[in-house]
Amino acid sequence: MKKIVVATKNEGKVREILAAFQKLPVELLTLKDFGDLPEAAEDADTFEGNARSKAAFYAAKTGMACLADDSGLEVEVLDGAPGVRSARFSGRHDDAANNEKLAAELQAKGAAESAASFRCVLVFRDADGEELVAEGACIGCVRTKPRGTGGFGYDPYFYLASGKTMAELTLAEKQAVSHRGAALRLMAKELRGYLT
């Protein structure tokens, strides 16, 4: 059974990763299992760069294999923002403040909605430095009016072609269509091959 540290303190992400990897011969640990670890820097210009640096940082800190992700929302009318700055769009790591800023920025552009996509890059880094990378995307639109109480982050503002927001989906429904779900399916396939 391979032990893998999931490099996040975000409970929503942990739930999604646990669900995706339940059939793999792995035991998942989280950063909370290691006490008070410092925050990894997230100052790269790309999702892959941030995920790669987080995976390397926490693999070095824990001495174990590590899985890190970086993901975010890219809004067309905002020229791709918030992008790699999605988690701290408002200046701090606060979902409500980030969503408030998103709605305000759309209104400032005179847009009630805009085409948008969620993107996710996962990087698995083994203790010996071996890496696997998987990417996923989900296309939809953002609107200034939120709906739904599930999910986390920008989910209540992200509308799918079905008319539902990410926050109106069950975890299983979200996994089937989301950027992270797509990346996790690819990573699970890669890991299955890597571990056998």
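In this predicted model, the largest nonpolar core comprises 19 residues. Within this core, the residues with the most contacts are I4, F21, L67, F124, M187 and L191. Helix 5 supplies the largest share, five residues. In soluble globular proteins, nonpolar side chains tend to be buried together.

The contacts of F21 were examined in turn. Residues up to four places away in sequence were not counted. On that basis, F21 touches V26, L28 and L67, and also L184, M187, A188 and L191. Of these partners, L67, M187 and L191 are also listed, like F21, among the core residues with the most contacts.

Helix 2 spans residues 47-62 and has 16 residues. At 1.5 Å a residue, the helix should span 22 Å. The buried residues of helix 2 are F47, N50, A51, K54, A55, Y58, A59 and T62. Seen down the helix axis, these buried residues fall within an arc of 155 degrees, and therefore line one face of the helix. They pack against strand 1 (2-6), strand 3 (65-75) and strand 4 (113-125). G63 follows helix 2. The phi of G63 is positive, near 70 degrees.

The largest pocket has a volume of about 690 Å³. Its lining is formed by 33 residues, of which N10, K13, E42, A87 and H93 are the closest to the pocket centre. Helix 2, strand 3, helix 3 (95-108) and helix 5 each give two or more residues to this lining. Strand 3 gives the most, with five residues.

Leaving aside neighbours within four places in sequence, A103 is in contact with T144 and Y157. A103 and Y157 lie 54 residues apart in sequence. In space, their C-alpha atoms are 8.6 Å apart.

Note on methods. Residues numbered from 1 in each chain as written. Predicted model: local features only at pLDDT ≥ 70, side-chain atom pairs only at ≥ 80, totals over all residues. Heavy atoms only, no water. Helix = DSSP H or I, 4+ residues; strand = E, 2+ residues; numbered from the N terminus. Expected span 1.5 Å × (residues − 1). Buried < 20%, exposed > 50% of the residue type's maximum accessible area, 1.4 Å probe, protein only. Arc of directions from axis to C-beta. Contact = heavy atoms within 4.5 Å. Core = buried A, V, L, I, M, F, W, Y, C linked by side-chain atoms within 4.5 Å. 1 Å grid on protein atoms, 1.4 Å probe; cavity = no way out; pocket = protein on both sides within 12 Å on 5 of 7 lines; lining within 4 Å. Points joined across faces, edges and corners; volume = space filled by probe spheres on them.
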